[in-house]
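Student: Could you walk me through this one? I'd like to start with the sheet and then move on to the chain contacts.

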Amino acid sequence: MSAEAPLGMARSKKKQTRDEQPRRPSGRRAPIIELSDVTKVYPGGHMALDRVNLAIGRGEFVFLVGPTGCGKSTLIKMLIRELATTEGAVKIAGRDIGALPEKKIPQLRRNIGTVFQDFKLLPDRTVYDNVAYALQVIGASRHEIREQVPQTLRLVGLSTKLNSYPDQLSGGEQQRVSIARAFVNHPPLLLADEPSGNLDPVTSIGIMQLLYRINKAGTTVLVVTHDREMVDSMQRRVVELYEGRVVRDEVSGGYTEESTTEFGLRMRAEMGVGTAGEGQTNGHDQGSLL
Amino acid sequence: MSRLIFFLQEAVRALRRNAAPSLAAVVTTVVTVILLGVLIPIFQTTQAKSDEVRSELNVHFALFDDATPAEIHSLEKRIVAIPHVASVTFVSKKEALATLRSQLKDKSIVEELHTNPLPASLEVKADDPANLPKISATVIPTGANGKPQPISPIIDNEFNPQQDSSKIEQVTGALKIVLTVMTALLIAASLMLVGNTIRLSIYTRRREVEVMRLVGATRWFIRWPFMIEGVVVGFVGGLVAILILWLGKITVVDPLSDSFSFLAAQNNSTLSFPALVAILFAAAVLVSTIGSGITLRRFLKV
């Protein structure tokens, strides 16, 4: 008992110092994403982003919409520093990532989960191994992997498919695996680039429902899409890009406190895919309804 | 520890998926190491033989028959003092005749001689055979009248019993160049094939690399499996080659070395077999490591 006391004290001290750091009261903390006058000009002169200003607070669920070529993907690539800005600053959790040394980039990416339209799953590995891979390559312990992977797969509703290979899964299931992989180390920020681009409306709702659930658990979610119907029915904050500029940024009210089930039901109702797809989508969600 | 296991697993997985090019790289490494394993002893034996011949190269200064032992002794001292002279040996008329007799096949020529026509001489060896001309020039400088002016009146002339020394040097020199070029080419080929294997592996595993980057794997974490893959190629190639060389040694070289002095010369003048094995193995692993390292630098942008 006495041996544990100093440890406990050290811990509480650590917490205190972290709390003492200057920050705004909750709700108005440093935004998790902050773009100020971000401009990106590709070699050849094409201007992908033109003085974009954008702030996304912690815990928000934001849609980024716009036609093809409007700079959505460029923006996502900048957030994980796959691309550098031509001008302006990208701040993640208050830190200018443009000033981040090369060595620190992996650390940044560990704190940002990414989901893509094409899933990017490894075809010769099982569902379990695909998700475990994300933890293995950041040097997680075996214990952590054994604990986190099944838990995350349960969250995305795939606990019965641990040993399936990606090509044995439906598109929606594959996207769930990729979301599980992005979320397995619980990053504070999740970026989804057209997560439902390859999926039918029913499956898309399932995926959105899953992202919504992840968001409700405290993770900031930024979804890039051009599925206008989906965006309108979800009634979350929408940022619209057009030719490299922000042309719309509005927060829709209401619905903020609905449960995931309510959310799913409303989505289906609004998109007119009600009962027909329910059985299938519920199949994905086995035991994972909040 | 679990990382090491992960790296090894990934490397083996990649090798299995890339079986054909990996095999090609292994086979090239085997061939290179075998040739190196054969060339190194040949190189060394040639070098040893050449050194042996060179060490026997000398220049003789013939002495007049009327030279007294005291005169000879003082001349000997003067020659030893010349730079680059390694040794001075007096060869008497009798010894010269005995040497000639031992060298001739037809002994009757010597038997028919009534007097000994051979002069006594001083045999001079240099620290390096290349310095022999310099020494003779010092002992018998060219006088003002253009005629040779020996430093001592007892010196008659110089003669060189082994005039073919330059030829031997040419041959060993050419052999060295050929062997070096061959070895260099083979090493380059292995480097490139290992590099090519790794390049293919990078290509087939671009998905993995992409995912690793996205989830925040560090640079070296991504590189290690590829490095290990290259090292495994070198390791396996080296191992197989050494096994073949060892079999060759016990079945071919060892039985023959009893009857051929050239092969036997290896035993005392060249590397011992274990040392050779160690060098070859190190070379195989080193070459494959460098091969994968270069390829990773060029093609794996992480």
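**The sheet and the interface**

Tutor: Chain A has an open sheet of six strands in the order β6-β7-β8-β3-β9-β10, with mixed pairing; strands are DSSP runs of E of at least two residues, helices are runs of H or I of at least four, both numbered from the N terminus, and two strands pair if DSSP finds at least two bridges between them. This is a predicted model, in which local features need pLDDT of at least 70 and side-chain atom pairs count only at pLDDT 80 or more, while totals for chains, interfaces and linings use all residues. Residues are numbered from 1 along each chain as its sequence is written, and chains are lettered from A in the order in which they are written.

Student: Which strands stand at the edges?

Tutor: β6 (112-116) and β10 (245-250) of chain A do, and each has a single partner strand, so one side of each is left without a neighbour in the sheet.

Student: And how do β3 and β9 of chain A run?

Tutor: β3 (residues 61-65) and β9 (residues 237-242) of chain A run parallel and are joined by four bridges, and A:F63 has A:V238 in β9(A) as its bridge partner.

Student: Switching topic, how many residues of chain A are in contact with chain B?

Tutor: 15 residues of chain A are in contact with 14 residues of chain B, where contact means that the C-beta atoms, placed from the backbone, lie within 7 Å.

Student: Where does the largest share of chain A's side come from?

Tutor: That share, four residues, comes from α3(A), and α3 (105-110) and α4 (127-136) of chain A each supply at least two residues of that side.

Technical notes
Contact = placed C-beta atoms within 7 Å.
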